[in-house]
Amino acid sequence: MRGWLAGQSDDRPASWLVGDDPLVAAALGLLHDAPAEPWTVERLARRLSVSRATLAARFSRRVGVPPMRYLAEWRMGLASEYLADPAASVAAVGRRVGYDSPFTFSVAFKRQHGVSPSAYRRTALAAG
């Protein structure tokens, strides 16, 4: 389900995912609006005026994964889309999704997709 959601063109998740929980909807809105921000559960909770425990529990219950795991998956989904632009460097894509270091971005991307960003780009461009 998370993979399907990450592949959708809409910037917001389906309302059925968060149901009637305005806290989770607001958290997802912040993460989607600013994926490159240096988010932590503490920072996100502070922006939403709730405790970290409350945010983590409600987010995990509604979304199925903790907030920072969701953010990492969201960033990698965005990165895979951005890599389709051959004019964007791997470092620029990494910065756009919140990674200051191209090396750190490459490690995270490979962990999620099984290949480096450059290899992913080559495969995507050859297929498209």
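**Note on salt bridges and the nonpolar core**

1. In this predicted model, Arg69 and Glu73 are joined by a salt bridge between their side chains, with N and O 3.2 Å apart. Both residues belong to helix α6, and because they are four residues apart there, about one helical turn separates them. Arg69 is partly exposed, at 44% relative accessible area. Glu73 has a relative accessibility of 16% and counts as buried, because the cut-off for buried is under 20%.

2. How many salt bridges does the structure hold? There are five. Two others, described next, connect helix α5 with the loop between α2 and α3.

3. One of these pairs Arg58 with Asp21, whose closest N and O atoms are 2.7 Å apart. Arg58 is in helix α5 and Asp21 is in the loop between α2 and α3, so the bridge ties together parts of the chain 37 residues apart in sequence. Is Asp21 buried or exposed? Asp21 is buried, with a relative accessible area of 8%.

4. Arg62 is partly exposed, with a relative accessible area of 32%. Asp20 has 67% relative accessibility and counts as exposed, because the cut-off for exposed is over 50%.

5. In soluble globular proteins, nonpolar side chains tend to be buried together. Here the largest nonpolar core has 30 residues, and Leu44, Phe59, Tyr70 and Phe105 are those with the most contacts inside it. Six helices each supply at least two of its residues: α3 (22-33), α4 (41-48), α5 (52-63), α6 (67-82), α7 (90-96) and α8 (102-113). Which helix gives the largest share of this core? That is α6, with seven residues.

6. Phe105 is one of the core residues with the most contacts inside the core. What does Phe105 touch, leaving aside its neighbours within four places in sequence? Phe105 is in contact with Met76, Ala79, Val90, Val93, Gly94, Val97, Tyr99 and Pro117.

How values were computed. Residues numbered from 1 in each chain as written. Predicted model: local features only at pLDDT ≥ 70, side-chain atom pairs only at ≥ 80, totals over all residues. Heavy atoms only, no water. Core = buried A, V, L, I, M, F, W, Y, C linked by side-chain atoms within 4.5 Å. Buried < 20%, exposed > 50% of the residue type's maximum accessible area, 1.4 Å probe, protein only. Contact = heavy atoms within 4.5 Å. Salt bridge = Lys/Arg side-chain N within 4 Å of Asp/Glu carboxyl O.
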